[in-house]
Amino acid sequence: MRKGMVCNIPYTCSINKQSIEAQRPDIVDEILPEVKQKNQIGYLNCTVVNKGSESVVQWTKVQTVNGGNQILLSEDDMIVYQGNTGTNEDSGLRKYEIQSRLNGRRITYMLVIRYLAEEDAGDYLCTIKIQGVEWPEWPTKIGKLTVHIAPQIQPSINSIYELDIGSDLQLTCESHGNPYPNITWKREDGQELPMGGFQSRGAQLNLTDIQKKDRGNYICVADNNVKPPDNFKVEVIVFFPPACRAVQNTVGQAQNRRFNAKLECIVAGYPQPSMRWLKQTENGKKIEIQGDDKYDITKQFSSQLQNDEFWYTLLVKNVQAKDYTKYFCEGTNKYGSGDATIALFDAMQLIFLETLENTSQILYTTSVQPVTYPTGSRSTVTKRRKTVKDEEILTLRAEREKYLEELKKLKEESDYYKVKTMYLKMKMSQMKKVAEQ
């Protein structure tokens, strides 16, 4: 119908209007949402039907995570956004690209968004701009792009805290990511948390009435199933007096053979304690040991120790009989002092004592049975000899427990060797002789 003509036949006019509307461009499918991770590539498809030369398909970024104005990105298969001038150094490709596919009367305009970042997330509007038609009547569809971001912890607390025993501490771990991360607190050494349990969920960790055992590293872990998870370490340092412990309470070494003996001690305390080695003299006094030709004093480090624990070694060179005594490692700081005792003994004497203990087992297992003699079958002398032997075994049995107690003391107190060694040797010989009869 030409312009200016009047249609006098309503039915015919209605048919012509539907035919014209059927030929108008339109967006035929919904734009599927796209979910991708940071630095990946996003794709949004807008499929148009009946697009003619009088219409233009536009992609516009209408909503972002951080807000801001709408950005016109493309018209038909051409990027018009001025911010698309740079290229990636590795791939040489621009951030935005339009790829079009023709299928009959349908054309799909795919918006390609490379090197996805958090600010790329949001709504993207596909519009068919039709010449001669007011913009409210332009066909539009919205596609949503979601960009998953791995967790990033934003430190709002210190990484080191120094506290007195009995103090309280609140640790807060703030994290950012999409989806919002789950926050978990745990101890680096795998030990139980002060309030119980091995994990605490939530951004805050409350430590109350802190004790020495609560010192160490606490780790905040943020995870939202987008790799990699993030973590932040907090070291809790507690002021406390020194505590010393011997690696071995007793050390054995043979004398007069140019052998050395190594005595080791772990000293814990904060602030770091000053440490010294002492030796007990024959009159029971303690004298400090200095590093010289006789002694080497060293400080070692181990990944198995906490930051406030230190490993010290005393090397006693060319062990002699006079070296068999008690040694002490002593630590001191402004909160107090502590010590540990290590006994150095003759290893050859220990072998003898173990032999003595094993030999005494023979007596313990020897049974004494009552003996009945027929009348006139044995002489009075024979009866008397048997009775004497039984009495000796019973007496030695009674003394066995006494010897074992002395043995226990000898293992703990190296001073006893000088006095008791010869006596016990004689007893052992006597016990073996009686047991073999």
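Three disulfides turn up when the whole structure is searched, a disulfide being a pair of cysteine sulfur atoms within 2.5 Å. The model is a predicted one, in which local features need pLDDT of at least 70 and side-chain atom pairs count only at pLDDT 80 or more, while totals for chains, interfaces and linings use all residues. Residues are numbered from 1 along each chain as its sequence is written, and side-chain values use heavy atoms, with hydrogens and water left out.

Take C46 and C126 to begin with: their sulfur atoms sit 1.9 Å apart in a disulfide. C46 belongs to strand 3 (residues 42-49) and C126 to strand 9 (residues 122-130), so the pair ties together parts that are 80 residues apart in sequence; strands here are DSSP runs (E, at least two residues), numbered from the N terminus. The S-S torsion is about -75°, so this disulfide is left-handed. Both C46 and C126 are buried, that is, under 20% relative accessible area (1.4 Å probe, protein chains only).

C173 is joined to C220, with 1.8 Å from S to S. C173 lies in the loop between strand 12 (169-172) and strand 13 (174-178), and C220 in strand 17 (residues 216-223), so the link ties together parts 47 residues apart in sequence. A torsion of about -80° makes the C173 and C220 disulfide left-handed, and both cysteines are buried.

That leaves C265 and C329, whose sulfur atoms are 1.9 Å apart. This link is right-handed, with 50° about the S-S bond, and both C265 and C329 are buried. As for C244, this cysteine is in no disulfide; its nearest cysteine sulfur, that of C329, is 4.7 Å away. C244 also counts as buried, at 15% relative accessibility.

Note on methods:
Helix = DSSP H or I, 4+ residues; strand = E, 2+ residues; numbered from the N terminus. Buried < 20%, exposed > 50% of the residue type's maximum accessible area, 1.4 Å probe, protein only.
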